[in-house]
Amino acid sequence: MKKRTAIISTFLSVSLFLTGCSWSDITAKFTGADTSGTAAPASTEKDYVAEECVTLPEYKGIEVDCTVSEEDIEAEIKSVLNDHATEKKVKKGKCKQGDTVNIDFTGKVDGKEFDNGSAEDYSMTIGSSGFIAGFDDGVDGMKVGETKDLKLKFPDDYHQEDLKGKDVVFTVKVNFISETEIPELNDEFVAKNTEQKTVDEYKEVTRQNLVKDKKEQAGQNAYGTVEEKAEVKNYPESLINVCSTQLDSYYRNYMAPQYGFSDFNTFLTQMQMTEETYQQSLKQAAESIAKTQLVTEAIAAKEGITITEDEIKEQIDTVVSQSGQSEEELRKSFQDLYGTVITLEEYYRVTLVTNKVIDFVGENAKIVE
């Protein structure tokens with residue numbers, strides 16, 4: 001089977017492969033910005049027939065646009081140039097909104113420093129630093145080398161209990177302003193940083209690579225179209241229960257502690273949720289995941305796509321090798337997060353059948369280039 005990017009549960013993949021996500025990624029994915037097109041496991045003993053739960057659209061001959069425009073090429077080249085950008089330290093002048101500045105700061109409440117309230121050589125962008133209200137405005141307009149006291153107040157609903165509503169003084173020093181210098185696209189840059197010698201050669205190779213990338217993603221894109229058009233007639237209660245239980249367990253046992261929250265209510269506050277809205281979002285996310293499960297299982301059933309025990313074992317061995325964990329450690333991590341709601345074998349069975357379905361839909365897609 002050709003290698004494809006698996007459309008699998010973001011929540012599970014993060015924990016198993018120990019990769020990181022930003023806080024904005026986490027909130028976006030759970031609150032609905034990126035929940036479609038993800039697959040999640042279901043219980044081994046099914047009490048439903050996927051083909052009876054979902055109405056499939058035509059999934060063969062899906063048209064996938066693999067053409068590459070000049071705008072695509074320019075965007076890719078711009079990304080490469082940004083990757084080669086350098087930072088210039090400007091050590092004079094005043095900083096303003098939008099500037100990235102390097103600062104030292106010390107925070108004190110009642111004249112005493114508090115935990116995690118001080119730092120040196122800290123980079124922040126004025127206007128989007130994430131500090132409490134008034135901090136960015138206080139830094140705005142400071143001169144490089146200047147030291148200033150910012151007299152502020154923590155909000156009453158601040159996540160750290162002992163700082164709620166407290167007056168605080170941040171002593172801030174601006175060390176320098178960072179300016180990003182993006183290199184110019186010319187033959188010299190191309191010859192130094194690529195395998196090509198001229199800008200024209202580089203643009204043509206970029207175009208070819210973009211076409212190749214789009215073709216490699218054709219299966220996923222075609223499958224996404226199929227899932228979007230599919231209609232779920234009924235969601236099996238057992239499947240929804242498994243999906244929601246997994247997600248709930250993941251957030252309570254991993255995400256909240258991962259971001260330093262001692263209790264789940266504080267975590268919900270940071271996500272701007274109540275327990276009620278959390279449960280509603282949990283249900284919506286579970287239904288989105290369950291839809292993918294039903295669509296892939298229904299296509300697999302119609303096309304005779306199956307997964308063997310040997311394939312599952314091979315996949316687990318691969319994950320063990322890539323993650324640096326033993327199989328015992330992998331199983332323990334999995335169970336610590338999700339309990340016994342699903343087995344590791346069933347999770348990878350669903351992942352593998354999803355990959356095969358994506359491959360099948362892609363191989364039967366109509367490529368436009």
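**Entry 1: Glu-87**

I started at Glu-87, which touches Ser-178, Glu-179 and Thr-180, leaving aside residues up to four places away in sequence. Contact here means heavy atoms within 4.5 Å. I noted the ground rules next: this is a predicted model, where local features need pLDDT of at least 70, side-chain atom pairs count only at pLDDT 80 or more, and totals for chains, interfaces and linings use all residues. Residues are numbered from 1 along each chain as its sequence is written, and side-chain values use heavy atoms, with hydrogens and water left out.

Glu-87 sits in strand S3 (residues 86–90). Helices (H or I, at least four residues) and strands (E, at least two) are DSSP runs, numbered from the N terminus.

Is Glu-87 buried or exposed? Glu-87 counts as exposed, at 52% relative accessibility. The cut-offs are under 20% relative accessible area for buried, over 50% for exposed, and partly exposed in between (1.4 Å probe, protein chains only).

**Entry 2: whole-protein totals**

I looked up the overall numbers. The secondary structure comes to 14 helices and nine strands. The protein has 369 residues, and 41% of them are buried. Its accessible surface is about 20,300 Å², with 44% belonging to carbon and sulfur atoms. Those areas come from the Shrake-Rupley method with a 1.4 Å probe; for residues, only the protein chains shown count as cover. I then took the contacts between residues at least 6 apart in sequence: 76% of them join residues at least 24 apart.

**Entry 3: salt bridges**

I counted a salt bridge where a side-chain nitrogen of Lys or Arg lies within 4 Å of a carboxyl oxygen of Asp or Glu. How many salt bridges does this rule give? The count is 18.

I looked at Glu-303 and Lys-60, a salt bridge with its closest N and O atoms 3.6 Å apart. Glu-303 is in helix H11 (residues 275–303) and Lys-60 is in the loop between strand S1 (54–55) and strand S2 (63–65), so this pair ties together parts that are 243 residues apart in sequence. Both ends are partly exposed: Glu-303 has a relative accessible area of 27%, and Lys-60 has 38% relative accessibility.

Glu-204 and Arg-207 form another salt bridge, at 3.0 Å from N to O. These two are three residues apart in helix H7 (residues 199–216), a separation of about one helical turn. Glu-204 is partly exposed at 34%, and Arg-207 is partly exposed at 31%.

I then followed Arg-252, which forms a salt bridge with Glu-275, closest N and O atoms 3.4 Å apart. Arg-252 belongs to helix H9 (residues 237–258) and Glu-275 to helix H11, so the pair ties together parts that are 23 residues apart in sequence. Arg-252 is partly exposed at 32% relative accessibility; Glu-275 is partly exposed at 35%.

**Entry 4: helix pairs**

Axes are lines fitted to C-alpha atoms, for helices over the stretch in contact, and angles run from 0 to 180 degrees between N-to-C directions. Angles of 65 to 115 degrees count as roughly perpendicular, under 35 as roughly parallel, over 145 as roughly antiparallel, and the rest as oblique.

The axes of helix H12 (residues 309–323) and helix H13 (residues 327–338) come within 9 Å and cross at roughly 95°. H12 and H13 are therefore roughly perpendicular. H12 supplies Lys-313, Ile-316, Asp-317, Val-319 and Val-320 to the contact, and H13 supplies Glu-327, Leu-330 and Arg-331. By class I find four nonpolar, no polar and four charged residues. Ala, Val, Leu, Ile, Met, Phe, Trp, Tyr, Cys and Pro count as nonpolar, Asp, Glu, Lys and Arg as charged, and the others, Gly among them, as polar.

Helix H8 (residues 218–229) packs against H11 at about 110°, axes 10 Å apart. H8 and H11 are therefore also roughly perpendicular. From H8 come Tyr-223, Val-226, Glu-227 and Glu-228; from H11 come Ser-288, Lys-291, Thr-292, Val-295, Thr-296 and Ile-299. The class tally is four nonpolar, three polar and three charged residues.

**Entry 5: positive phi**

Asp-110 has phi near 55°, a positive value in a residue other than glycine. I placed Asp-110 in the loop between strand S4 (100–109) and strand S5 (112–125). Asp-110 is exposed at 67%. Asp-121 also has a positive phi, near 55°. Asp-121 lies in strand S5 and is exposed at 55%.
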